[in-house]
Amino acid sequence: MTIPHWQAAFAARAGGDEPRWLAPLRQSAMASFAALGFPTRALEDWHYTSLSSIADVPYTIGSGASSTTVADLTPYMINADWPTIVLLNGRWSPALSSLDSLPGGVLVLDLATAWREQPAMVQQHLGTVAVSEHAMTSLNTALMQDGVVVVVAKDVVSNTPIHILHVADAAAEGAARFPRTLIIAERSSKVTLLESFVGLADVAYFTNHVAEVVVGDNATVNHMKIQRESESATHVSTTEVHQARDSHYVNFSMAMGATLSRTNVYTVLDGENCGATLNGLYLGKGTQHTDHQTRIEHAQPNCFSRELYKGVLDDASHAVFNGKVYVHPVAQKTDGKQSNHTLLLSPDARIDTKPQLEIFADDVKCTHGATVGRMDEAGLFYMKSRGVPSETARRLLTYAFAADVLETIENETVKHALEQLTLERYAGSAVHPVIVARKG
Amino acid sequence: MLEITNLTASAGEKDILKGINLSVNAGEVHAIMGPNGSGKSTLAQVLAGHPSYEVTGGTVRFEGEDLLELAPEERAHRGVFLAFQYPIEIPGVSNAYFLRSAYNAMRVARGGDEVDPMEFLDVMEEKLKIVEMDDAMLSRSVNMGFSGGEKKRNEILQMAVLEPKLAILDETDSGLDIDALRVVAEGVNKLRRPDNAAIVVTHYQRLLNYIVPDYVHVLAGGRIIRSGTRELALELEEKGYDWLLQEALA
Ligand SMILES: Nc1ncnc2c1ncn2[C@@H]1O[C@H](COP(=O)(O)OP(=O)(O)OP(=O)(O)O)[C@@H](O)[C@H]1O
Ligand SMILES: [Mg+2]
């Protein structure tokens with residue numbers, strides 16, 4: 001039933017006021033999805049994660065009325081002074097959003113306004129960065145109903161994060177949403193973005209998000225994501241990035257919600273002297289399934305990439321990390337480093353970690369390493385021998401393991417917020433966040 | 001204070017302690033010497049409650065209580081402290097936080113209140129002086145990247161913070177140059193009180209010039225084969241252990 005369900009949803013769309021160039025993009029995306037269907041384990045990229053559990057779910061598109069207020073969102077704001085766009089159940093909510101503090105030179109528009117007011121810009125980039133043959137990306141392109149377009153003008157440096165808050169409340173039950181993010185950082189600009197996915201009610205829904213990021217010459221995009229969806233939700237998110245020369249792209253992915261989540265982060269270093277840093281932290285509990293796939297494509301010489309993913313898995317949770325690094329024949333002097341470290345807190349927790357380096361240039365420096373470990377018993381005994389109660393010692397060591405990757409987050413406020421979230425999970429509220437040793 | 005009777009312990013299939021008898025009173029310092037692999041660290045770790053060792057027989061009473069029945073943290077709360085021969089590194093946990101957690105846990109266990117980070121800094125200021133340590137060490141991860149000497153000093157710093165009744169120092173002097181040895185030994189001496197006691201495991205008589213023992217014991221093959229006073233340590237320094245081992249076999 002699955003494909004006809006989505007084809008019917010596609011046919012039922014009211015696309016009346018959309019620009020004409022969009023129709024063929026959507027149509028070919030729908031055709032591509034119809035050909036591919038929901039990914040199964042038979043696909044190499046989905047070897048450890050199957051979406052077949054939701055393939056037959058007749059999700060509705062769009063949700064009914066909801067009563068979420070600004071006050072309900074306060075705990076998720078991180079900083080209420082930041083420009084914040086709230087997409088409530090997939091739809092931009094002007095009432096909940098606030099763009100007053102947006103700096104000059106930074107344009108933030110909802111998708112419909114963007115293709116009305118900035119048609120050339122949107123047409124030039126939308127659907128040109130997220131080009132991987134992925135059924136979920138195709139489905140998003142076919143059905144994307146709302147989203148956020150951010151354009152940072154040449155030479156504009158904006159260090160205050162722009163927060164895109166994807167909220168699902170009780171009205172999201174049984175619905176699918178297809179939010180789209182398009183970020184364009186023009187020459188020598190700098191921008192920081194935070195995309196949060198939060199679930200306010202324990203209901204089942206499906207998020208299928210796509211972000212496209214265009215990093216211009218000498219520009220820097222700092223892009224963070226916090227996934228704390230409802231624990232009954234299914235979350236798929238694909239970020240695809242195109243980097244021009246001398247640019248930097250920094251991504252951090254924190255995954256702690258959803259029953260099943262898959263986060264893809266793909267970047268193409270398509271100019272000389274670029275850098276990409278992809279870091280992340282996944283925290284699993286219960287029967288959560290948390291999958292990250294990254295792909296760094298070194299297409300030009302003299303670029304570097306850095307990757308550090310850490311995870312803590314409790315109960316019968318399962319995580320997947322698949323880190324691909326592809327070095328083209330011309331990409332000499334590539335300097336790539338990848339690591340993945342997971343702490344298993346329970347005998348039933350499981351990680352499948354798969355580094356995948358494909359190197360076609362001969363003068364490169366690429367390393368990778370993965371470790372899977374259990375609680376350090378020696379450290380535990382050491383702490384206990386100093387009088388620290390067993391449970392506190394355990395939580396402290398767990399927190400410390402996770403916190404070191406959070407240290408890499410440049411924005412102090414976001415870093416502290418994520419430290420706090422991790423603390424709440426492992427250290428109890430009695431522990432003060434200054435426990436992390438600062439490096440250097 | 002401490003009464004060890006016929007203590008036997010093993011690790012896996014291996015019997016290591018084969019009947020230890022030792023009695024330590026308040027105010028005393030006991031030195032334990034002996035060849036490598038004789039069971040000195042095992043004894044120390046068993047007293048601290050290390051889970052790798054199984055006590056197969058005997059008893060240990062600490063201030064009248066059955067020490068072996070207590071969890072490691074409870075032993076610490078009662079006032080038992082072990083300075084590790086090989087201090088453990090804990091990535092990601094700052095030394096300051098580690099010390100404060102230990103200090104607060106101890107206070108709470110003894111019926112007091114926790115101190116906040118600011119109050120704790122005042123406590124630390126005085127303790128750092130005892131081991132002549134720089135406060136930069138506090139913001140680093142516990143023992144990570146510390147030199148051998150720094151690790152040993154850090155053990156004594158922990159001891160200074162926790163103020164134990166019974167301190168067991170397992171080769172805290174090994175690998176230290178003479179200046180570091182002096183700092184560590186003086187630190188221990190500053191913490192001595194008539195109502196506390198120490199067991200000092202060492203291979204070197206030079207430590208005992210600084211920390212003067214009341215008794216010296218030789219542990220070999222999992223047993224105390226000879227006990228004596230200070231002079232025994234001097235004799236061992238000169239003659240080694242072989243003559244004692246021969247006598248023990250004879
Ligand atoms: N956890 C363990 N598992 C197995 N064997 C062990 C374990 N701990 C110690 N042993 C063995 O028990 C014996 C005594 O070891 P222990 O560390 O107590 O000696 P020691 O007297 O402290 O020696 P050193 O002077 O070298 O520090 C050694 O043969 C050692 O290999
Ligand atoms: Mg030893």
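Good morning. Please keep in mind throughout that the structure is a predicted model.

I begin with the overall form of chain A. Its secondary structure consists of ten helices and 21 strands. Along the principal axes, the C-alpha atoms of chain A occupy a box of roughly 70 × 55 × 45 Å.

Next, the interior and the contacts. Of the 440 residues in chain A, 59% are buried. Among contacts in chain A with a separation of 6 or more, 84% join residues 24 or more positions apart.

Chain A exposes about 16000 Å², of which carbon and sulfur atoms supply 52%. There are 34 positive and 46 negative side chains in chain A, and the centres of these two sets lie 4 Å apart.

Finally, I come to chain B. Is B:H77 buried or exposed? Its relative accessibility is 17%, and B:H77 therefore counts as buried, the limit being under 20%.

Which residues does B:H77 touch, leaving aside neighbours within four places in sequence? Within chain B, the contacts are B:A105, B:M106, B:A109 and B:R110; from chain A, A:G387 is also in contact with B:H77. As for B:T42, this residue is 35 residues from B:H77 in sequence, and their C-alpha atoms are 21 Å apart in space.

Thank you for your attention.

Conventions:
Residues are numbered from 1 along each chain as its sequence is written. Chains are lettered from A and ligands numbered from 1 in the order in which they are written. This is a predicted model: local features need pLDDT of at least 70, side-chain atom pairs count only at pLDDT 80 or more; totals for chains, interfaces and linings use all residues. Side-chain values use heavy atoms; hydrogens and water are left out. Helices (H or I, at least four residues) and strands (E, at least two) are DSSP runs, numbered from the N terminus. Buried means under 20% relative accessible area, exposed over 50%, partly exposed in between (1.4 Å probe, protein chains only). Contact means heavy atoms within 4.5 Å. Accessible areas come from the Shrake-Rupley method with a 1.4 Å probe; for residues, only the protein chains shown count as cover. Lys and Arg count as positive and Asp and Glu as negative; His and the chain ends are not counted. The place of a charge is taken as NZ of Lys, CZ of Arg, CG of Asp or CD of Glu.
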